[in-house]
Amino acid sequence: MIAFAGNSVLCRLALGASGGIDAASFTTIRLASGALMLALLVLWSRSKITARSTGDWPSAFALFAYAVCFSFAYRGLQAGTGALLLFGAVQVSMIGWGLWRGERLTLVQWMGLTLAAAGLGGLLLPGLSAPPWASAVLMLLAGVAWGVYSIRGRGAGDPLQVTAGNFLRACAFAALSSLAAVAQMHLDAAGVAFAMLSGALTSGVGYAIWYTALRGLSGTVAAGVQLSVPPIAALAGVLWLGEPLSSRLVVASAVILGGIALVIRGRLTRS
């Protein structure tokens, strides 16, 4: 979850007021760097590569859709606000899928999810200015795409190989998007460095860890755990981006994390 929050901060740094890199180029460099790092990790692991463990095109497109919507949305959002919108959409997508597939929540889990949702609402309203409409919609779409990617990843093969294969395939979609936006392309050293760090560390390695963790999580619990990302991103925004720190932020973060603890506790109690 710290890696996921780090993506918000790195994207904001790269696309900040100075406009060091355009959103399409950030997406392409991020995915290419992630693919390279994951390929190196696969080679280092020396595990047997099978057809089932190399990812697939639908998952790769979901990954690309998340990444490109994420990048373009952060041109107009703060780190904490963007993470709230992103993982709110992720939670709705994954919980909805879990309930549709027959998952049932205990009373404790419903209490935890309600508490976490209340914390999100308290962090967003009132006090934070309303985000730009277009950026908000893009971030919500990014959240849905990430939810789809996470759901598809739960039944995949070797997590490291699957993630590497999906990143590699997603680079093809990203290259097309960069080609379509070539007229807006602009790069500087700092923007490229942030994109590479986001791809190699907080995306590539972070997603491989997440794919591994998904094997032991239900859809509802996975959605609940991801609610920790918005407060982490908001606090990182305070430290790295100079965003204001308020008592409401501290209280809401505690409420969200408390709700997540109830969700996990409800799962452990049932098992």
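The paragraphs below follow the aromatic rings of this predicted model and the charged groups beside them.

Across the whole structure, a search finds nine aromatic pairs. One of them joins Trp 57 and Phe 173, whose ring centres are 5.7 Å apart and whose planes stand at 90°, an edge-to-face arrangement. This pair links distant parts of the chain, for Trp 57 belongs to helix α3, which covers residues 57–73, and Phe 173 to helix α7, which covers residues 159–180; the two are 116 residues apart.

How exposed are the two partners? Trp 57 has a relative accessibility of 47% and therefore counts as partly exposed.

Since Phe 61 is in helix α3 and Phe 173 in helix α7, the contact ties together parts of the chain that are 112 residues apart in sequence. Phe 61 has a relative accessibility of 44%, and so counts as partly exposed.

A charged residue accompanies Trp 57 as well: Arg 169 lies over the face of its ring, at 5.5 Å from the ring centre.

Attention may now turn to a cluster of rings. Ring pairs connect Phe 4, Tyr 66, Phe 70, Tyr 74, Trp 146 and Tyr 149 into this group. Phe 70, one of the members of the cluster, has the charged end of Arg 30 over its ring, 5.0 Å from the ring centre.

Methods:
Residues are numbered from 1 along each chain as its sequence is written. This is a predicted model: local features need pLDDT of at least 70, side-chain atom pairs count only at pLDDT 80 or more; totals for chains, interfaces and linings use all residues. Side-chain values use heavy atoms; hydrogens and water are left out. Rings of Phe, Tyr and Trp (its six-membered ring) pair if their centres lie within 6.5 Å; planes under 30 degrees apart count as stacked, over 60 as edge-to-face and the rest as tilted. Helices (H or I, at least four residues) and strands (E, at least two) are DSSP runs, numbered from the N terminus. Buried means under 20% relative accessible area, exposed over 50%, partly exposed in between (1.4 Å probe, protein chains only). A charge sits over a ring if NZ of Lys or CZ of Arg is within 6 Å of the ring centre and within 35 degrees of the ring normal.
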